[in-house]
Amino acid sequence: MPAHISGTGDIVRQRFAVTYDYAVAFTRDCFHPRNGTLAAVMAAGAGSRARCLVFLDMGVMEGHPGLSDAISAYFHTRADVPALTRAPIPLPGGGGEE
């Protein structure tokens, strides 16, 4: 490789596309143990060793104080969803707080 590049090389433009395929589900009480909607969505693309990690907006947690426990209970009581790797991880919300 030369020590100095003069900048007179050829420029080639290339393009690629990425296709996304995902499910959108509408339900209520998503984490109620008898609600199978989330399990059905997750089963559609999960492998036999699938695991799940949940991040939870702290603002949502404040508005729904039992949500983190409900999520943990959902994953621990249903055999048809991937294993939850740990309790939901709280994250600062996107409400402009820095």
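Does Ser-72 count as buried or exposed, and at what relative accessibility? In this predicted model, Ser-72 counts as buried because its relative accessibility is 15%, which falls under the 20% cut-off. Ser-72 lies in helix α3. When residues up to four places away in sequence are not counted, Ser-72 touches Leu-84, Ala-87 and Pro-88.

Helix α3 spans residues 67-77, and its buried residues are Leu-67, Ser-68, Ile-71, Ser-72, Tyr-74 and Phe-75. Viewed down the axis of α3, these buried residues fall within an arc of 155 degrees, so they line one face of the helix. On the other side of α3, the residues Asp-69, His-76 and Thr-77 are exposed.

The packing partners of α3 include both helices and strands. Its buried residues pack against the helices α1 (37-43) and α2 (58-63), and also against the strands β1 (51-52), β2 (55-57) and β3 (83-84).

Ala-70 is likewise found in helix α3. With a relative accessibility of 29%, Ala-70 counts as partly exposed, because this value lies between the limits of 20% for buried and 50% for exposed residues. Ala-70 and His-32 are separated by 38 residues in sequence, while their C-alpha atoms are 7.3 Å apart in space.

Methods
Residues numbered from 1 in each chain as written. Predicted model: local features only at pLDDT ≥ 70, side-chain atom pairs only at ≥ 80, totals over all residues. Heavy atoms only, no water. Buried < 20%, exposed > 50% of the residue type's maximum accessible area, 1.4 Å probe, protein only. Helix = DSSP H or I, 4+ residues; strand = E, 2+ residues; numbered from the N terminus. Arc of directions from axis to C-beta. Contact = heavy atoms within 4.5 Å.
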